[in-house]
Structures are given as C-alpha cells and as structure tokens.
Amino acid sequence: MASRKNKKPSIPFRLNVLFFAVFILFSILILRLGYVQIVEGDTYEEDVNETASTSASRVDAPRGIMYDRNGTELVDNNLILTLTYTNQRSYEDEERIQTAEELAELIEFDEEETDRDSMPERNLQDYWLLTRENEAEELVSDKEEQRLMENGKDPYDVQLDRITEEQLNDISDEELEVVAIWSEMISGYYDSPQRVKRDLTEGEATAISARLDELEGVDVTRDFRRDYQYTQAFQSLYGKVGSIPEETVTEFLAKGYQRSDEVGQSFLEQYYEDTLRGKKGTVSGEDDDAEETNNGSRGNDLVLSIDMDLQQEVQTILDNQMAQSEGSFPNDQQAYVTAIDPNTGEILAMNGYDNQLGNITNTYEMGSTIKPATGMIGLQEEVITEDTKINDRPINLPGPGGDVSSSHEIGTIDVVGAIQESSNVFMSEIAMRLMDYEYGVSDGFNDEKVDEAYVTMRDYYHQFGLGVETSVDLPSEATGLNAGKDVPGSLLFFSFGQLDTYTPLQLAQYSATIASDGKRMEPHLVKEIREPNRNTDEMGAVLHQFEPNMLNRVNIDKEYFDIAQEGMYDVVNTELGTADSYFTDVNMEIAGKTGTAERSVRRESDDEVVKVNNQTFIAYGPYEDPEIAIAVVVPNTYSSDNGGRSGIANSIAADTMQAYVNLKEERPGAGSGQDENEEDGGNAEDSDEDEEETGGGEEEQ
C-alpha cells in the first residue's frame, strides 16, 4: 500500500504535443477571423452588397426579324411590359388568392378572358373550394374523409365532384377577374416567372410598380410581342409564339431554355426556332438604378423567298375570284395557289382562301393535271410511242369502276393531243397496257400485272413529288392519301388523277419538276439567315445562304419531257387546248394543264351528299426558259350543270401569271427571280370556258 501512495501520475509526451498543436491552430484561426472582420470587413461587406444587388433574372431578348426576298419587313418585335408572378412552394393558397384580388384592382383583363363559359370548370371549382371554406367542409364530413383516406382516395376529388352548378354560379362577376388572374398565376412552374398579363398599360405598370414590395412574387418585366405584318396575305405561315408545350419541356430545358420562355409553336416560328431565338441579357442593380450588365442580342433574322408584292396580288386575285363564284360551293369556299421558282425551289407565293396552311396540310384528287406525267410514263415504259394513235372512245371494263369516257368527242389522237385535249381514254389505254391488258381482246386480268402497274405508276408519280414529302421547311406537312391497290378499273382513274390525293404544294412541286425537265428541287420558304442589325430598316450580314437542292431527277428521258411540254403548251396556246381562251392576253409564253376531279361531299346545310368537282391547274413560264411554276387548286365546286362556275382555277392561274409579269415590268430584274431582259405583259381575260371530264370519283367518307 505504501509503495502505491508514493507513485506519481504521468502524461505521455505525445499527448502534450497534441494539445500544443491544437492550441496553435485555434490561435491562428482566431487571428484570421479578427483580421477578416476588423481589417477587411469593409471590403467584404461591399462585395456582399454588390452580390445582393445583382438580380438573378434574365431579360428576354427579342426574336429575329423576318423579311421578304426584297427586304420588306414582315415580322418585327414590339417592346411591351408584362406582369409576371413567381410562384413559391412556401406561399399559402390564401396568400395567392389575396395577391390575385389585389392585382384585380390594378389591372383589367379582356372580357373573353373573364367570360364564365370560357373558363375551365376545374379552375372555378378550385377557386370556390378555396374561398368558401365552410361550405367546402360540408361537402365531405370528417368521418367520410377519414374513410376515404383509409381507402386510398383523395377527399378533395370527392369535393370537386359534389360542387353543384348553382354553387359555381355563386362566384360573382367581380370574382371572375380574380379567378382569371389567379389561374394564370398558378399555371406556371414553381420558382419560375409566369406571365399573367402582357402589354400592360402605362397606368397599370405604374400602379403595380408602386406596390411591388407588398405583392409577393409579383414583378413587371420588359417583354416583346411579335408584330406580324401583311396578316391577311400571309399570317398563317408565320406560325405563332407561345409557352413551351408540356410534352417538349424536357427537350427545351436541355437546350438551356427556362420553363417560362416562349418558343415558336408552329410553322416558320417553330421550324426556325433555334435561329430566331434571341440571346438573353441579365440585369444588375435595384429599382431605378437597375441596368443591363449583359445586353444579350436579338435572334438571327430570316430572309424569306416569298415576294410579298406577288403574295398580296395573288391574295387579291383569290378574293376577287371567290367573290365572282358565290353559289359555286356547297360548303365553305376554298382555293389555293403556290408559285415556285423551278430552278431553285424558292417559294415565291403561297396563298389560300382563306387559309394558306391548306397548301401543305390538305389533300385532294387533282384530276387531269396528272396526265403529262402519265403520258411520260407510257413513253418511258415503252407501252406507247410518240406516234402511237388511239381512238378516244368510251371504255367499259368488266368488273366495278371500269367505265371511262372523255368530256367531248376527240377522235384519234397521239400523246401530245391527249394532253392538249385532256383525253381520259388515252391515259386509260396507257394504264391498261401497263397491266398487260388489251381492251376487247384479253379474257381477264393478270392480278400480278395489275399490282405491278400500280407500283410502277405510283413510283413515277413519287419521283415528280406527288404523294411524298416535298421537304419544305415547314412542320406538319401532309403527304396525301395512298389509296392502295384496288380493282383494275381504279387503275384507269388513277391514270388521270382520280384515286390518290396530293397537297397543293406537291402539285406545285410537280409543275416545277416538269418545267425543269425532271429536276425535283427542294421547295423552301427561307433564302438566307442574317445577323441582326441594330437598324432594322437594313439587313445584317449573311450568315447562311440556302443553295438550291435537287432531291432527285425523274427517271424519264429528256425527249419525253419535250413531248409532254409540247402538249402542255398546246393546252393554253391552241384552239383545241382546254384553256386557250384564258391566257390569250398574258404576254408570256406559258405551258399549262387543266384538271377536274369528280367526287362527292356532304353538304353541311342539309346533310345531303352532292356531286362536286376539284378544279385544278398547273402552269409554268416562260415556256423556253421557265422561271415560275404554279399550281392552283379549287376544291369542291358544283359543276356548271349544277349551277357552279367553271374555269375558276384557270382564271386564277391566268391572273397570277399576269400579276407576275406586271411586277417584272414595274421593277426589272428584281424580286421574284426575274431577268430584267424578259418581256412584260398585259392583262388576262376571264372566261367561263373549261373542260368537263367525266368518269367517276371517290365519295368522301
């Protein structure tokens, strides 16, 4: 025991070293903190204040401008002020409603936006539940709520189902504006500014700005609104700009967009979104001292191939021709014109009455405008020659759909005459020979040969651009209806354009392909992409110029194109031609082809099925050196026997070609790809003469 009492405690040497090291580190840390706070405190405080004053918001940049081929401004941007709301998860429903109520006192919505019948019922129901708390609780008892939750059901959904129409009508007219504002406020994403009202008046912007410190999440920001010029003549093809569609949000976020950004939603705005999109700027500072630290830039500009002068002239032509054709349509009036430079594929005009989009989205049987291609198919496949003569007489094939005749007595003709006088029988003879059938001699049909004939004809038509994508620089292009392989008799109707359906743009590409001796050029609406210029009256430097792109060359010999072109020349330049009287006063040598496809539609006024015609016309000129090719489609008109006006498509085509000639005279060498040395012209004469082709048609389902 004595020895243990005398023993002294000891601390290991290494532990002493550790304690000493910790002491030194703490001393250094204290000295450093003192230095930061006392010596450099003012400097860091300035940095913090500077950082705090920098807004994280990015300023929307204007989109690129669109010009026509002559430098005429078509689409610009107007600077506007927009009310935005940034929703936060921390906000309570009651706070959002209160903010909407306060905003309703400061801004005014259009009557359409506050119309009870146009509002989504779900928005009204949600608002009612939030603002009628006591009545809402009575819809589901506590006991029922517990039972619903135990069964995995949401009591809120039950409340929604039990709200009556009478209860919704309890929402006053004054509250409807609150509902409209609140609906916009919550329609966006959390932490992302949502546009509530665009184009604030000066008074609205001032009133809101004075109360920004009271209105959580509310801001007034600089914004831009697209300003579309020449809306009557071209607006549909511009497309529109709007919020990012929900189904493409992920795609746009991956490209660096914000959820609140606006994007091109259709047609040119959509197709050239990456080009037109501006580069955003950023803002620093607070309140009146705010200024842009990164100015951003406007999107790149587009120079369209469209000649707006020609576009407007053609639109006037359509308006006038439709005014002269009242009573010719069982339903709404429709007419389409597309003009293309056959050498480059540039679309010079694309018009519609009253919708340009039908040129690429609507499809029709095109009738006898298909005959030049059928004639060339017969020549290339060697079932006829240039000297082949056929007696134009009625054909009655065994089986359904085999009765064919022409519109008038033609007699014995060759392929040029068949195009000139529009012989259904001659084209039917080509179809029969392609399926190895000799009329009046063969006992029956070889099914394999019939199928081969369908494939052969369709393949050639596709080479001309009929029934396939044109590759135009627009989304939502239709390709037409492939009616498949039917009875042999249907092949005869196929040969003169009464089976498959095509778009007016496809017909225009086909017309241009004939004009260019078989070179199918890619049609396009944009010629150039240019840098943005601060002076919008002048275009910036060229960033990209679209070169002509040949999609394919039709596998038909040049000599057969010459034969078909001769027939088309005779259509408009000889007495026997089906459209001679329409082009006598147009001072340009033109080749063309008429078309009439018989079909049936249901008349909307009385739900009765009636017979109608699709009137069509293709043309190009000048004949020896084509620089413009057009297609005209006037669907669903009464025949002249039923009170309709014949020759509408022919008249539109003649007036369009005359408008082109007149523009050349007014501005030699400019605008539409013209050569200033070409001749100029006079006025087209309107005539009511037209071919009437008989022989069936497909009934609209």
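**Sheet, helix packing and a buried lysine**

Lys 527 touches Arg 69, Val 303, Leu 304, Ser 305, Glu 346, His 544, Gln 545 and Phe 546, leaving aside residues up to four places away in sequence; contact means heavy atoms within 4.5 Å. The model is predicted: local features need pLDDT of at least 70, side-chain atom pairs count only at pLDDT 80 or more, and totals for chains, interfaces and linings use all residues. Residues are numbered from 1 along each chain as its sequence is written, and side-chain values use heavy atoms, with hydrogens and water left out.

Lys 527 lies in strand E18 (residues 526-530). Helices (H or I, at least four residues) and strands (E, at least two) are DSSP runs, numbered from the N terminus. Lys 527 counts as buried because its relative accessibility is 16%. Buried means under 20% relative accessible area, exposed over 50%, and partly exposed in between (1.4 Å probe, protein chains only).

An open sheet of five strands has the order E12-E11-E23-E22-E21 and antiparallel pairing. Two strands pair if DSSP finds at least two bridges between them. Strand E12 (347-353) and strand E21 (591-603) are the edges, each pairing on one side only. Neighbouring strands are turned by 10 degrees against each other on average, direction ignored. Within the sheet, strand E22 (residues 608-621) and strand E23 (residues 628-637) pair in the antiparallel sense over eight bridges. Gln 615 has Val 634 in E23 as its bridge partner.

Helix H16 (residues 308-323) packs on this sheet. H16 touches strand E11 (335-340), E12 and E23, and its direction makes about 25 degrees with that of E12. Axes are lines fitted to C-alpha atoms, for helices over the stretch in contact, and angles run from 0 to 180 degrees between N-to-C directions. Helix H25 (residues 648-666) lies across E11, E12, E21, E22 and E23, at about 150 degrees to E23. H25 is largely enclosed by the rest of the structure, because 15 of its 19 residues are buried.

Gln 232, Ala 233, Phe 234 and Tyr 238 of H12 meet Met 308, Gln 311, Gln 312, Gln 315 and Asp 319 of H16. By class, this contact of H12 with H16 has four nonpolar, four polar and one charged residues. Ala, Val, Leu, Ile, Met, Phe, Trp, Tyr, Cys and Pro count as nonpolar, Asp, Glu, Lys and Arg as charged, and the others, Gly among them, as polar.

The axes of helix H23 (residues 504-515) and helix H24 (residues 558-573) come within 10 Å and cross at roughly 115 degrees. Thr 513, Ile 514 and Ala 515 of H23 meet Phe 561, Gln 565 and Met 568 of H24. This contact of H23 with H24 has four nonpolar, two polar and no charged residues. H23 is mostly covered, with twelve of its twelve residues buried. Asp 517, which follows H23, has a positive phi near 60 degrees.
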